Structures are given as C-alpha cells and as structure tokens.
Amino acid sequence: MPELVREVTDERDALLAFLAAQRGGLRRALLGVGEEQAAARPTAGTLSLGGLVKHVARTEQGWVSVILAGRPDPDPEGWMARWHEQFTMGPGETVAGLLARYAEVARETEEIVRALPDLEGTVSLPQAPWFPPDGTRSARWVLLHVIEETARHAGHADIVRESLDGATAFALLDAARKGDNGNA
C-alpha cells in the first residue's frame with residue numbers, strides 16, 4: 001500500500017479513512033492520462049481505467065446509498081442489464097466526468113456513514129445468486145465490503161496503468177504529492 005492512512009479517531013472514522021485511501025489509489029491511476037488512455041484496455045481482460053472508476057463508483061453507491069441508506073436506485077433495471085459496460089468507458093464519458101461522479105459518491109457515502117446511529121444495524125442483501133436468500137449484513141460489513149471491492153479494483157487499476165505507460169503506484173503517489181498532473 002503506497003499511501004499511509006491518516007490517524008483515526010474511532011472505528012467509523014477508520015473505515016472511512018481506509019476507504020478514502022483506496023479511492024485515492026484508484027484516482028491516482030488516472031493521473032495524467034488522456035481520454036484515449038483512460039478508455040484503453042491494454043491487458044488480457046476488458047478493464048479500462050475509466051471503466052474501473054465507473055464500476056467502483058456504481059458499486060459504492062449501490063451498497064451505501066441504495067442498500068444501506070435505502071435511497072432510490074438511480075438505475076434500478078439498467079445497471080445489471082449493462083453489467084459488462086461498467087468496466088469500460090462509454091461514448092461521451094470523460095475522465096473528468098467519471099472522477100467528478102466518484103467524488104460525489106464519496107461525499108454521499110461520508111454523509112450517510114457519519115449519520116448512522118451505529119454500525120450494528122442490519123440491511124437485507126440484494127437478491128442475487130451469490131447471496132444467501134433472505135441474507136442480512138451489518139452496516140460495518142457493508143463498509144468493509146466496499147473497502148474490499150475498492151482495494152481490489154485499485155489493484156486492477158495499478159496493473160492497467162503500468163501496462164499503459166509503465167507508471168507505478170509509488171511513482172503516481174509521488175507525482176500526486178508534488179502536484180504533478182502530467183504523466184508520471
């Protein structure tokens with residue numbers, strides 16, 4: 001892990017701090033890349049940097065805003081029908097737009113998590129073949145799952161970025177700290 005997570009005050013703050021650190025790694029993978037590079041799929045899979053940000057933003061929003069907070073799903077039918085599109089940049093999608101959306105999702109997550117009465121409250125798991133029928137999980141579990149998902153895809157982004165131009169997570173962290181927004 002190239003970024004040292006800040007000092008924390010309690011469990012809720014720790015969960016949010018570790019999530020923020022993983023988001024930072026994913027965002028840094030796009031540091032200095034253009035639209036074409038962000039949409040490129042340079043590895044054996046179909047992952048692109050922009051698509052990874054799009055997917056993680058949607059996943060975080062789904063778990064925190066929709067499942068944990070019970071807010072309406074902004075795309076209740078479409079996102080599962082277009083699952084494969086989550087990992088690539090679509091027509092008209094831009095790095096700036098994807099990162100802005102991700103920042104808004106992060107802000108919303110922070111707001112929701114800070115407002116929870118505690119982390120013990122449970123929510124129903126969505127209907128899916130990979131979840132037990134009528135399964136429930138705590139708010140704590142949801143946050144840990146979002147951290148896990150974000151970290152997993154931040155690692156994917158590291159591989160995709162290094163495949164594009166050789167930039168590594170440590171070099172990108174150094175560039176970000178220096179305020180260098182060019183190619184690292």
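1. Start with the cover over α5. The buried residues of this helix are covered by elements that include α1, α2 (35-39), α3 and α6 (139-165). Keep in mind that the model is predicted.

2. Which residues of α5 are buried? They are Val 95, Leu 98, Tyr 102, Val 105, Ala 106, Glu 108, Thr 109, Ile 112 and Val 113. Look at the spacing of these numbers along the helix. An α-helix has 3.6 residues a turn, so residues three or four places apart point the same way.

3. Now check the length of α5. The helix has 21 residues. From its first C-alpha to its last it reaches 30 Å, close to the 30 Å expected at 1.5 Å a residue.

4. Next, the partner helix α3. Helix α3 (residues 49-68) and helix α5 (residues 95-115) pack with their axes 9 Å apart, at an angle of about 25 degrees. Angles under 35 degrees count as roughly parallel, and α3 and α5 are therefore roughly parallel to each other. The crossing of α3 past α5 is left-handed. On the α3 side, the contact residues include Gly 50, Val 53, Ala 57, Gln 61, Val 64 and Ser 65. On the α5 side, they include Leu 98, Tyr 102, Val 105, Glu 108 and Ile 112.

5. Is Glu 108 buried or exposed? Its relative accessible area is 15%. Buried means under 20%, so Glu 108 is buried. Leaving out residues up to four places away in sequence, Glu 108 touches Gln 61, Ser 65 and Arg 71. With one of these, Ser 65, the side chain of Glu 108 makes a polar contact of 3.3 Å.

6. Turn to α1, one of the elements covering α5. Helix α1 (residues 11-28) has 18 residues, which should span 26 Å at 1.5 Å a residue. Its end C-alpha atoms are 26 Å apart, so the two values agree. The helix is mostly covered, with 14 of its 18 residues buried. At its start, a side-chain oxygen of Asp 10 comes to within 3.3 Å of the backbone nitrogen of Arg 12.

7. Last, a loop residue. Where is Asp 134 found? Asp 134 sits in the loop between β1 (122-124) and β2 (136-138). Most residues other than glycine have a negative phi. Asp 134 is not a glycine, yet has a positive phi of about 60 degrees. Its relative accessibility is 70%, so Asp 134 counts as exposed.

Definitions and conventions
Residues numbered from 1 in each chain as written. Predicted model: local features only at pLDDT ≥ 70, side-chain atom pairs only at ≥ 80, totals over all residues. Heavy atoms only, no water. Helix = DSSP H or I, 4+ residues; strand = E, 2+ residues; numbered from the N terminus. Expected span 1.5 Å × (residues − 1). Buried < 20%, exposed > 50% of the residue type's maximum accessible area, 1.4 Å probe, protein only. Polar contact = N/O pair within 3.5 Å; in protein donor to acceptor, adjacent residues only side chain to side chain. Axes fitted to C-alpha atoms, helices over the stretch in contact; angles between N-to-C directions. Parallel < 35°, antiparallel > 145°, perpendicular 65-115°, else oblique. Left-handed = near helix turned anticlockwise from the far one by under 90°. Contact = heavy atoms within 4.5 Å.
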